[in-house]
Amino acid sequence: MVLGAGDAVPQAQGPPPGLPTQQQGFEGTGQNPANYTPEEKAAVEVIIKWIDTTNTKDLPAHMALIDDNVIYRADPAEILGRNGARGYCLYYGFIRSTAWLRLDELYVIGGPTDTLVLVKRADINNPAGGRGNLGGYPVALADLVRIRNGKIVEWYDIPINKVGPLVTTPPNSRPPITNMPTACTPYAGQSPAQTRIVPPPAVPPQPHPVTPTVLGNGMVSYGTTKLESRFNVEETAAARAVRGWFAAWQAGNPKLLGSFVDRNAIFRASPTGDVVNGRDALLRAACSTMGGPLDLIDIYVIGADFETTVIARWNKIGASGAVTRMGSFFRVQNGLITEWMDSTVDGAPAAANPNSAACQTVTSTLASFAPPPAPPAP
């Protein structure tokens with residue numbers, strides 16, 4: 001659904017009473033917007049405006065949703081962009097193009113500290129027969145968007161099909177910013193001295209007509225619930241990998257957890273950190289907070305033949321019984337986790353114990369696989 005600027009977000013109804021939202025385990029795979037937390041409701045409204053202002057090409061209104069210090073990434077292979085709102089404006093080129101976006105699915109996990117939104121959208125890049133990407137065919141993508149205090153603090157674009165130029169991006173890459181559109185220069189950020197300011201095109205992008213779509217009984221036209229019986233093959237494999245991750249996490253078993261993780265996985269143990277490479281480094285970082293009771297509540301999955309994305313809602317239960325509400329983000333390929341990020345949405349972060357039994361297991365296991373030391377020079 002695409003709403004016009006200022007339109008109220010209609011409230012969707014949940015699945016009919018008695019209709020299960022899970023087929024394996026007890027995790028929910030759907031949401032009733034009537035039950036959103038205040039932070040989740042506010043985040044959904046931001047996402048609706050984010051889509052709408054993209055389609056109307058209203059750059060000032062769009063950038064009003066973006067935090068000055070936003071983190072951005074246009075492809076999973078790229079390093080995190082940290083050139084502020086100005087850099088986001090450059091890399092989020094839809095707002096300055098003829099493309100328009102269709103919102104297909106939306107899932108949200110949030111609280112007072114942080115809110116994670118997982119979006120499935122379709123990009124309509126150009127009219128059929130015209131110049132540009134893919135000749136008007138819709139291209140499915142997922143977005144991880146983090147929202148705090150009504151602003152987007154992270155945008156992360158993820159192609160889920162094997163189409164388009166993004167899937168060939170070299171790992172750990174980010175082209176230098178050499179051309180900065182004039183329209184982006186008013187926004188916060190640093191422009192390198194060598195950056196050339198590019199004037200706007202002679203023919204400005206045309207806004208896509210925006211027509212609010214509200215279904216019967218107040219239901220929204222994008223999905224907020226997906227029965228597990230309707231997961232595709234990749235989504236089913238991703239859900240299994242994430243469930244295995246949490247089972248191993250609760251058991252405090254890093255060797256089992258590592259069996260669900262790709263050797264070249266990347267991770268951030270929290271949103272404040274930078275991306276770190278490698279499964280071994282992930283295990284060293286995760287072991288200090290592994291183990292103990294947890295409650296896995298919801299799993300929301302969006303994926304296809306190239307990438308699958310997951311956000312999970314879970315509670316970490318401390319030794320005193322204190323509950324920390326958590327949200328986790330995963331990317332999964334071929335049934336293995338290729339990216340992980342934990343975020344505390346409400347409560348105190350779990351206490352770390354680098355000398356835990358799990359960390360001792362990681363240290364001894366990795367040491368056993370280390371190459372023998374080189375013999376001393378004669």
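Modeller: The model is a predicted one. Searching the whole structure turns up two disulfides. A disulfide is a covalent bond between the sulfur atoms of two cysteines. Take cysteine 89 and cysteine 184 to begin with. Their sulfur atoms sit 2.0 Å apart.

The cut-off for buried is under 20%.

Now the other disulfide. It joins cysteine 287 to cysteine 359, with 2.0 Å from S to S. Here the angle about the S-S bond is 95°, and the link is right-handed. Cysteine 287 lies in the loop between α6 (279–286) and β10 (294–303), and cysteine 359 lies in helix α7 (residues 357–368), so the bond ties together parts that are 72 residues apart in sequence. Cysteine 287 is buried, and cysteine 359 is buried as well.

How do the bonded cysteines pair when numbered in sequence order? The pattern is 1-2, 3-4.

Next, the aromatic rings. The structure holds 16 aromatic pairs. One of them is phenylalanine 246 with phenylalanine 330. Their ring centres are 6.0 Å apart, and their planes make an angle of 80°. Ring planes over 60 degrees apart count as edge-to-face, so this pair gets that label. Phenylalanine 246 is in helix α4 (residues 233–251) and phenylalanine 330 is in strand β12 (residues 323–333), so this contact ties together parts that are 84 residues apart in sequence. Phenylalanine 246 and phenylalanine 330 are both buried.

Which aromatic cluster includes Phe246 and Phe330? Its members are Trp245, Phe246, Trp249, Phe267, Trp314, Phe330 and Trp340.

Two arginines deserve a look beside the rings. Arginine 73 lies over the face of tyrosine 156, at 3.9 Å from the ring centre. Arginine 121 lies over the face of phenylalanine 94, at 4.7 Å from the ring centre.

Last, the backbone. Lysine 57 is not a glycine, yet its phi is positive, near 60°. Lysine 57 sits in the loop between α1 (38–56) and α2 (59–63). Its relative accessibility is 14%, so lysine 57 counts as buried. Asparagine 149 also has a positive phi in a residue other than glycine, near 55°. Asparagine 149 lies in the loop between β4 (138–148) and β5 (151–159). Its relative accessibility is 75%, so asparagine 149 counts as exposed.

Definitions and conventions:
Residues are numbered from 1 along each chain as its sequence is written. This is a predicted model: local features need pLDDT of at least 70, side-chain atom pairs count only at pLDDT 80 or more; totals for chains, interfaces and linings use all residues. Side-chain values use heavy atoms; hydrogens and water are left out. Rings of Phe, Tyr and Trp (its six-membered ring) pair if their centres lie within 6.5 Å; planes under 30 degrees apart count as stacked, over 60 as edge-to-face and the rest as tilted. Helices (H or I, at least four residues) and strands (E, at least two) are DSSP runs, numbered from the N terminus. Buried means under 20% relative accessible area, exposed over 50%, partly exposed in between (1.4 Å probe, protein chains only). A charge sits over a ring if NZ of Lys or CZ of Arg is within 6 Å of the ring centre and within 35 degrees of the ring normal. A disulfide is a pair of cysteine sulfur atoms within 2.5 Å.
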